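Thanks for coming. I will go through one model this morning, beginning with the ligand site.

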Amino acid sequence: MPATTSALFQKLPSTDELLQHPQLRSRAERDGHAALADAIRAVLARLREQIAKDRLDEKSLDLALAGLPDAVERQLRQSLSYSLRPVINATGVILHTNLGRAPLASSAFDHIRQTALAYSNLEFDLATGERGKRDIHVDRLFQKLFAEHGGTGAPPLQAEHAGTATHGCPADQISALATIIVNNNAAAVLLALNSLAEGGEVIVSRGELVEIGGSFRIPDVMSKSQATLREVGTTNRTRVDDYERAITDRTRLLLRVHRSNFAITGFTEQPTLIELAELARRRNLPLMEDLGSGALFDLRSVGIANEPGVLDSLRAGVDLVTYSGDKLLGGPQSGLITGRAGLVARLRSNSLFRALRVDKLIYAALEATLLAYVKGDHAAVPILRMMRLSKDEIASRAEVLTARINSRTSQGGQQRGLPTGSPKLRAELCDGESVIGGGAAPTAVLPTRLIALIHRDLSADDLCRRLRQADPPIIARVEDARVLLDLRTVFPAQDSVIGDFLSSVA
Ligand SMILES: *Cc1c(COP(=O)(O)O)cnc(C)c1O
């Protein structure tokens, strides 16, 4: 009834009255008057909304009013704490874009810290005292990485992808490479297309006009780059002849896009990179590949076949490869462009490059990550560690955690007078699969051992929500009415944090 509603509204104190409340006055001194007033307004607005929606009667409003100072303090604490927080990734998706993709190596963090807290030689040549270039800090490491593998005449990392080792780019051409860094791989593709094909045409297979999560669409990036997309072939089949027939005097570039997040199976055909490279050379056009993930190590070492690495593409004769720094490379968000030095120089002189350049902290993180590769210290890179975990290693950690959950829960049940044998929370182990994620190796999975949780009083979705409310939040997935935890993506030191939290909901 309107009269009652307005009576309820009249019971609400004003912001000024609350600012003078003894419990809150000291808060204003500590956290500032403006922050306190904001918190008060937010809490009062919530109450007004509840009254307006008829959710509060007089009694429950009185109760809420009694707890008002506490509610304001809670609101204030929340508004003054960080919104960006660490979480525990128990999804088993190693490169989870929503969870920040690759966690950094601790050496990368240390290097960020050192670089962030002081001035640095970011663009300063210490030998000459003159202005330097920011990319030299990482280009020198890429040179080492590519020279080491490319200059020795070693067979390609993945012969299947590259075709036969005798074709493709000779070793001496691989060493004439340069690498530059931009904000992310989307920016790398934009910069490359605009630098090499503005006003001209780029030939792409219809089967590669992909959309990567978060609205990166090849046709859209193409139009932003002022290049014209020339589609060839069909969704499932494209031959090298299709490319050849589409070449005109307007053609500036042949583009291959890695199908990062899907696979086309069945009646399919796609030219090999070697064939495309041969065509590109014959017609004097550059061949670019948007590789997406860009591994700098041999993925077969973790049991993943058919996922090309950066070197595979370069060896096959691709002139320019673009890839992300925070996918299979395991570094910070960045877009890397490696290719023939002359082409890279054209990208560097484009004014877009300046607009897309990255901060010193990214260089610091990237330099430390690349140094781990140069030193062969793959264990320093968290995502490589996670990929290398065997099912047995994961199983033994999962067993410890499961035993703890089940013993705690049955104890808890006894303490609360519940019949034994029917604990609230039950954990069991089952086989499952972890995935790489982040647009890498869409069909590749790694065998794992999962913890499946079933709660007597909570639905799987509710339990999943409770896990997200933990501190730090625990992110799990729901399948067949069970909550599944995959410890592959959980740092071993976090196992006990999960155990502690689950004991509290047992
Ligand atoms: C992931 C991906 C992108 C986008 O990379 P970002 O670094 O997220 O900008 C572009 N192309 C392909 C093929 C990808 O896999």
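What is the distance from an oxygen atom of the ligand to a polar backbone atom of Ala-186? The answer is 2.9 Å, a polar contact, that is, a pair of N or O atoms within 3.5 Å. A backbone N or O atom of Asn-185 likewise lies 2.9 Å from an oxygen atom of the ligand. The protein covers 94% of the 390 Å² of accessible area that the ligand has on its own; areas are by the Shrake-Rupley method with a 1.4 Å probe.

Before going on, a word on the source: this is a predicted model, in which local features need pLDDT of at least 70 and side-chain atom pairs count only at pLDDT 80 or more, while totals for chains, interfaces and linings use all residues. Residues are numbered from 1 along each chain as its sequence is written, and side-chain values use heavy atoms, with hydrogens and water left out.

Now the shell around the ligand. There are 13 residues around the ligand, each with a heavy atom within 4 Å. Arg-101, Ser-260, Asp-290, Ser-324 and Lys-327 come nearest. By class, the shell has three nonpolar, seven polar and three charged residues, with Gly counted as polar. Helix H11 (185–197) and strand S11 (287–292) each supply at least two shell residues; helices are DSSP runs of H or I with at least four residues, and strands are E runs with at least two.

Is Arg-101 buried or exposed? At 19% relative accessibility, Arg-101 counts as buried, the cut-off being under 20%, with exposed meaning over 50%. Asp-54, in the loop between helix H4 (33–52) and helix H5 (58–66), also has a positive phi, near 65°. Asp-54 is exposed, at 59% relative accessible area.

Next, the largest nonpolar core, which has 57 residues; such a core is a set of buried Ala, Val, Leu, Ile, Met, Phe, Trp, Tyr and Cys residues joined through side-chain atoms within 4.5 Å. Phe-142, Phe-146, Leu-296, Tyr-323, Leu-370 and Met-387 touch the most other members. Helix H14 (residues 273–282) gives the most to this core, six residues.

Last, the peptide bond from Asp-471 to Pro-472 is cis, with omega near -5°. Pro-472 is in the loop between helix H21 (460–468) and strand S16 (474–475).

Technical notes: Polar contact = N/O pair within 3.5 Å; in protein donor to acceptor, adjacent residues only side chain to side chain. Buried < 20%, exposed > 50% of the residue type's maximum accessible area, 1.4 Å probe, protein only.
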